[in-house]
Amino acid sequence: MKLSLTSWSLRACSLEEAAGIAHVLGIGALDLGYFYGPALDKAALLADPDKAAERVRRLGVTVPSFYHLFGDSLAARNLADAGHLDANVADFRQVARFCRAAGIPTVFVLPGVVNPGQGRAQALAQSAASLNRLLPIAAEAGVTLTVEPHVHSYLESPALALELIERVPGLKLTLDYAHFVCLGWRQDEIDVLAPHAAHMHVRQGKPGALQTKGHEGTINMAAQLATLKAANYAGYLSLEYVHQDYMGTLYDDVLTETIQLRDQIRAWLA
């Protein structure tokens with residue numbers, strides 16, 4: 001297992017500065033997306049994926065994962081809404097081309113939300129249909145497609161996540177235990193998802209809190225790492241402390257918590 005840093009953790013930095021910080025911290029890998037100072041320009045990427053990939057290659061940093069958001073919010077153009085499927089498929093072809101050109105092995109998208117008139121079952125069915133359209137596009141580009149179950153999506157239980165994986169053969173997860181712990185799931189109930197992870201986001205959380213300082217969280221980090229090792233997970237652990245107006249994740253010293261978590265993981269892996 002190797003460490004990475006999420007670019008959206010460093011919201012005041014430029015993309016080049018975020019890549020430099022990843023190097024200075026001895027991490028050397030950086031997940032990319034469309035968010036805050038280190039953002040890639042989504043419109044420019046979709047218009048010219050090869051040019052966007054060229055900029056990423058010049059960063060001189062390993063990029064293990066790319067976070068693509070179809071709309072401009074969790075709900076906009078979400079995958080559980082059939083009305084945007086054709087447009088989402090068209091955009092995703094460009095995203096897959098970008099990832100291949102930039103040498104990014106994994107792309108993650110959000111599963112979708114419960115839209116007006118839907119329940120979770122209907123949202124899951126449409127999301128599965130959408131992902132089954134995207135999966136061969138990713139495969140053709142040599143990129144692994146993942147979804148991240150998250151708070152406020154329709155995918156808020158380990159059982160639903162397993163059902164989605166069953167309906168979309170070949171789909172993998174970007175797994176963040178903190179989302180499930182925040183919702184009240186026990187850690188051992190989340191462990192069943194570890195064999196399906198192709199990418200990991202890592203931070204501390206506790207019931208009712210998506211993100212906490214390291215000493216305030218309830219996630220047993222050593223047990224989580226042991227579970228991943230037992231599942232033969234050999235991918236990246238992306239440190240994802242953030243400062244953003246989502247689920248109260250505004251009150252932590254991102255750099256301090258990132259470094260402390262880095263050191264905790266390194267000590268276990270040594």
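In which loop is Pro149 found? Pro149 lies in the loop between β5 (144-147) and α6 (158-167), where helices (H or I, at least four residues) and strands (E, at least two) are DSSP runs numbered from the N terminus. The model is predicted, so local features need pLDDT of at least 70 and side-chain atom pairs count only at pLDDT 80 or more, while totals for chains, interfaces and linings use all residues. Residues are numbered from 1 along each chain as its sequence is written, and side-chain values use heavy atoms, with hydrogens and water left out.

**Annotated domain**
- The UniProt record, an unreviewed entry, places the feature "domain: Xylose isomerase-like TIM barrel" at residues 25-244; UniProt positions follow the numbering used here, feature names are shortened, and annotations may be inferred rather than shown by experiment.
- Across residues 25-244 the chain is 40% helix and 13% strand, with the end C-alpha atoms 22 Å apart.

**Strand β1 and its partners**
- Four of the five residues of strand β1 (residues 2-6) are buried, so β1 is largely enclosed by the rest of the structure; buried means under 20% relative accessible area, exposed over 50%, and partly exposed in between (1.4 Å probe, protein chains only).
- β1 pairs in the parallel sense with strand β8 (residues 236-239) over four bridges, and Tyr236 in β8 is the bridge partner of Lys2; two strands pair if DSSP finds at least two bridges between them.
- β1 also pairs in the parallel sense with strand β2 (residues 30-31), over two bridges, and here Thr6 stands opposite Asp31.
- Together with helix α1 (residues 15-24), β1 and β2 make a right-handed β-α-β unit, the crossover being right-handed if, with the strands pointing away from the viewer, the path from the first strand over the helix to the second runs clockwise.

**Surroundings of Pro149**
- Pro149 counts as buried because its relative accessibility is 1%.
- Leaving aside residues up to four places away in sequence, Pro149 touches Leu155, Ala161, Leu173, Thr174, His179 and Phe180, contact meaning heavy atoms within 4.5 Å.
- The C-alpha atom of Pro149 is separated by 13 Å from that of Trp185, 36 residues apart along the chain.

**Helix α10**
- The buried residues of α10 are Val254, Glu257, Thr258, Leu261, Arg262 and Ile265.
- Seen down the axis of α10, these buried residues fall within an arc of 135°, so they line one face of the helix; the arc is that of the directions from the helix axis to the C-beta atoms.
- The buried residues of α10 pack against β1, β7 (197-202), α9 (221-230) and β8.
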